[in-house]
Amino acid sequence: MNIKNNFLAKILSWFQNKYMASIKKIFIVFILSISFSFNLYSENITAAFLSIENMNRNPGYDYLKGIIEGMFLYDISSSDTLSLTDRSDIENVLYEQKLKLSGLIEDKDAGMSFGKIVGADYLLSGSYVYLGEDLLINMKAVNVVTGNVTAFSARGYTENTIHELSEQVLFALTGEAVNIVSDEGKRSIISMRDESPGTINLYSVIQGAEIFLDDEFAGYTTGNGMVPVEMGDIPPGMHKVRIHLNNSFGVIDLPEFKFRDWEEEFELKPGKKIILRDQTRHFNDLIYKHLYIVWEGFKINKSDASTVQRIHEKSFIDRNGDEINIELTIRAIPAEEHYLFRIIYKYNGQDNNFDIIPEKGKDTEFEKDIEKTRLKVKINDRYEGRYEVDYNVKRTDIRQNMFREKTE
């Protein structure tokens, strides 16, 4: 038995002498590796948070943006080894460099250059999608030196969904395995929507018109354009206001010239006030603004005996949506006993030429319909020594009181 024990002791002694040095070396390398990793992550990391985007394109879920941003930034700012770039510094650089956040997020090279300017090691940006019962939140971190992109995501509907995302980001950027998820984080962030009622202030110069809010009668306009009609305790969300007076008032849809009540759809933010300005006017007033294409005049002293010329180039969109181009030239040419007035009228490039000789001591009027326009020239020779010329071009595809034709 003693012989066996002595043999085992010798074998153990030989093994220790031969391999202990190697084991020590391996252990030292392992310790140095851990130390290096610790030093790598223990260096202060700086991140610039850009934005988080609502990918649903429905403004009704915009309220989640503030909740997600606020919680995420609070979580990662609690790290001892990660610092956030001050938001004012980001805004200042954007302004000085004439950059937009959307461009930095979409263009990695631009983002990397921006990150270096603000002194950040990483650029953070994200997005979220509302899936009916929960949220999918995505985040990415761009290394401004290497350009490497690390993606993160979390799905859920509670505060812990954001905390889980924060834990992923902190571990990847700093090596910290933090625990932010908790029982208190089981509260739903979807139910945090602010439902505070808002206010609508409606300004109108029309007196006695009916106000409809979401197709329900809500009162009358006062006609005082300086004092609004206030509608309060309105729930947030999408709404529509419509004004109706009678069949002679409203707005016109161009270019068809369709007549209707003025109405406006809008989103009322929780607890906010929105200002609306009623565009209702008498239809004839609105038609008149589009009726005349040219309306001008000039005077000629007969003693000057010189040629006088006026040129107008105009265009309009007819009720079919076609562009009509006109060019009107009125040329007054002196003759032996009177002036000759030469009219050159181009309608979409087609020439129409007319000569007018005014009758002495009287008004001479010339009128001609050309396609969808009417040219009218009046030359007054009642005054000794001078001519007074007035002329206009108006559309014939629209007319005053045309809105009444629909109801007759």
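How are helix 2 and helix 6 oriented to each other? In this predicted model, where residues are numbered from 1 along each chain as its sequence is written, helix 2 (residues 63-77) and helix 6 (residues 159-174) pack with their axes 9 Å apart and at an angle of about 45 degrees. The two helices are therefore oblique to each other; angles under 35 degrees count as roughly parallel, over 145 as roughly antiparallel, 65 to 115 as roughly perpendicular and the rest as oblique. Axes are lines fitted to C-alpha atoms, for helices over the stretch in contact, and angles run from 0 to 180 degrees between N-to-C directions. Helices (H or I, at least four residues) and strands (E, at least two) are DSSP runs, numbered from the N terminus.

Contact (heavy atoms within 4.5 Å) joins Ile67, Ile68, Met71, Phe72, Asp75 and Ile76 of helix 2 to Glu159, Ile162, His163, Ser166, Val169 and Leu170 of helix 6. Local features need pLDDT of at least 70, side-chain atom pairs count only at pLDDT 80 or more, totals for chains, interfaces and linings use all residues, and side-chain values use heavy atoms, with hydrogens and water left out.

An open sheet of three strands, with antiparallel pairing, has the order 12-11-15. Strand 12 (258-260) and strand 15 (281-282) stand at the edges with a single partner strand each, so one side of each lacks a neighbour in the sheet. Strand 11 (residues 249-253) pairs with strand 15 over two bridges, where pairing requires that DSSP finds at least two bridges between two strands. Glycine 250 has arginine 281 in strand 15 as its bridge partner. Helix 7 (residues 283-291) packs on the sheet and touches strand 11, strand 12 and strand 15; the direction of helix 7 makes about 30 degrees with that of strand 11.
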